[in-house]
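I opened the model this morning and went through it piece by piece. These are my notes, in the order I looked things up.

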Amino acid sequence: MKLIFTFFCMLILHEIKAQSIDSLALTGFSDAVLELQNSELIRNGTLSVSVKSVADKKTIFAINSEKSLPSASILKLVSTATILSVLGGDFRYQTFLEYDGLIKKDTLVGNIYIRGTGDPSLGSDRFKEYPGSTQLVNRWTAAIQKLGIKYIKGDILADASYFDSSTLADSWIWGDLGNYYGAGVSGLNFNDNQYRIKFKPGVDEGDPTTLLGIEPAIPYLVFTNRVTTGERGSGDKTVIYGNPLSSQIVLTGTVPKGLASFSVKGSIPDPATYAAYALKQNLSGTITFVAESPAVKGISGLLLPTGKKVLDEYKSPPLRDICQQANFWSVNLYADAFLKKAGKQLEGKSDYDDAARAVTNYWLNRKADMRGFFIKDGSGLSPSGSITTHNLTDILSLVTKEASYPDFYKSIAVLGLKGTVRNLGKGTKAAGNIHAKSGSIEGTRAYAGYVTTKSGAVLSFAMIANKYQQESSRTVSEELVRLMTLLAEL
């Protein structure tokens, strides 16, 4: 059986044009793939690899390439490629500060609204030339103060209705939801939908920790701290249990001993509500909120008529920059926001399942082979979502024909230089050559992207190792990096 399989792989190898690929190097790559597939590391699992020429989508090498497997974060390549293709790199999200009602002298009889359009980067500190959450709240405060009012007979309201109300994918794991990487997507996101929790470790292992506080302050959240002290140097071993339907948050796991304090990141259960809360708190020093608003009808001496008025319009960084952050640093929130935005833009539906179908149809209509493409989100966080490496190299090859390709290509981290793969392949021919997205969830390690051959031909590639020996995740990652370095020899 092994000889038949090897012969099949060699048939694929000989389909490639000799002038584009170093045949000896390709044989070396093939041997390395087969060695890993047949090794004890993947004895009970699957290694899937697909390599294609982007010029004509012809397969250069394939093994188990039509097996549908968990994608982990390499799915972000599909989400970013789709949204850039649909909207273009120049696109900017808009967020509006508005008010309604009537102004009489120093009183607004009405409400202030923060209306989002799905911008995942609103208030993020990832974009140095754009305001973070504190700066945005100050900007909105100044815009409201320009009305000259001292009283508001109404409230600060968050309008997150641009997207559907399902901020989380149903298939995400309960233990992920309260952690920063499990943040849900709202029509109004804020501060990367995350906060920091600071602990004071105990003296000895097993000692309880002290919860020192959170930043930013969100006093309406209620914490139950069950985090204990772990061994020195053990890092963040916490699990945060929370969800958008509750203000109750349970903290479990360990933080390392030997430190004065240790911080971890959690996800804000309802970022839209937090944005409204933060603005109201900032206004409280200069503007008084009156609990009960009288009827507007019949009031005389009004300075402004009824109807919503825009006080401030904020525009996000260009989409190409947000996509680069998503791919460079594997930001789940951004990728899932792209999925919802694509679903709404393409088919008018933003819930996860409908948006996933919209993205599938988008690439199917562009002649990608989407058999085995069963995604559940845009980030790859869902362990039940799956794709084939053949799907991914097909899409990656098609993207090169899109006007958005230069922006997409630049959004992908570079092996040995940038992003999550910056420390991989250093000192090899792959460093500075391979643009790759890494992916990792329990039981799955993956890489995908582009490599340029010695002759200048561009190849798309994807590799997924699934259900390997649990204690061997680091070794499997190292083996996949070795395969990428061999790709760079082609």
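In α5 I found P271, A272, Y274, A275, A276, A278, L279 and L283 buried. By buried I mean under 20% relative accessible area, with exposed over 50% and partly exposed in between, using a 1.4 Å probe and protein chains only. Before going on, the ground rules: this is a predicted model, where local features need pLDDT of at least 70, side-chain atom pairs count only at pLDDT 80 or more, and totals for chains, interfaces and linings use all residues. Residues are numbered from 1 along each chain as its sequence is written, and side-chain values use heavy atoms, with hydrogens and water left out.

Helices (H or I, at least four residues) and strands (E, at least two) are DSSP runs, numbered from the N terminus. Helix α5 covers residues 271-283, 13 residues in total, and reaches 19 Å from its first C-alpha to its last. That is close to the expected 18 Å, where the expected span is 1.5 Å times one less than the number of residues. I then asked what the buried residues of α5 pack against. They pack against β3 (94-99), β6 (112-115), α4 (133-145), β8 and β16, taking contact as heavy atoms within 4.5 Å.

**The sheet with β16**

β16 turned up again in an open sheet of 4 strands, ordered β4-β5-β7-β16, with mixed pairing. Two strands pair if DSSP finds at least two bridges between them. β4 (102-104) and β16 (288-289) stand at the edges with a single partner strand each, so one side of each has no neighbour in the sheet. Inside the sheet, β5 (residues 107-109) and β7 (residues 151-152) pair in the parallel sense over 2 bridges. I picked out L108, whose bridge partner in β7 is I152.

How much of β19 is buried? In this strand (residues 444-452), 8 of the 9 residues are buried, so it is largely enclosed by the rest of the structure. β18 (residues 435-441) joins β19 through 7 bridges and the two run antiparallel. β19 and β20 also run antiparallel, joined by 9 bridges.

The one of β18 and β19 has 2 residues between the strands, and G443 takes a phi near 85 degrees. The one of β19 and β20 has 5 residues between the strands, and G456 sits near 95 degrees.

**Rings**

I searched the whole structure for aromatic pairs and got 17. The rule: rings of Phe, Tyr and Trp (its six-membered ring) pair if their centres lie within 6.5 Å, and planes under 30 degrees apart count as stacked, over 60 as edge-to-face and the rest as tilted. F328 and W329 have ring centres 6.5 Å apart and planes at 75 degrees, so this pair is edge-to-face. F328 is buried at 10% relative accessibility, while W329 is partly exposed at 36%.

Y405 and Y409 make a tilted pair, 5.6 Å centre to centre with 45 degrees between the planes. Both lie in helix α10 (residues 405-410), 4 residues apart, about one turn of the helix. An α-helix has 3.6 residues a turn, so residues three or four places apart point the same way. Y405 is buried at 16%, and Y409 is partly exposed at 22%.

K265 lies over the face of Y180, 4.3 Å from the ring centre. K344 does likewise over Y162, at 4.6 Å.

G182 is in the loop between β8 (156-159) and β9 (194-200) and is buried at 0% relative accessible area. Leaving aside neighbours within four places in sequence, G182 contacts L168, W172, D176, L177 and L381.

The E215 to P216 peptide bond is cis, with omega near 0 degrees. A72, which is not a glycine, has a positive phi near 50 degrees; A72 is buried at 1%.

How values were computed
A charge sits over a ring if NZ of Lys or CZ of Arg is within 6 Å of the ring centre and within 35 degrees of the ring normal.
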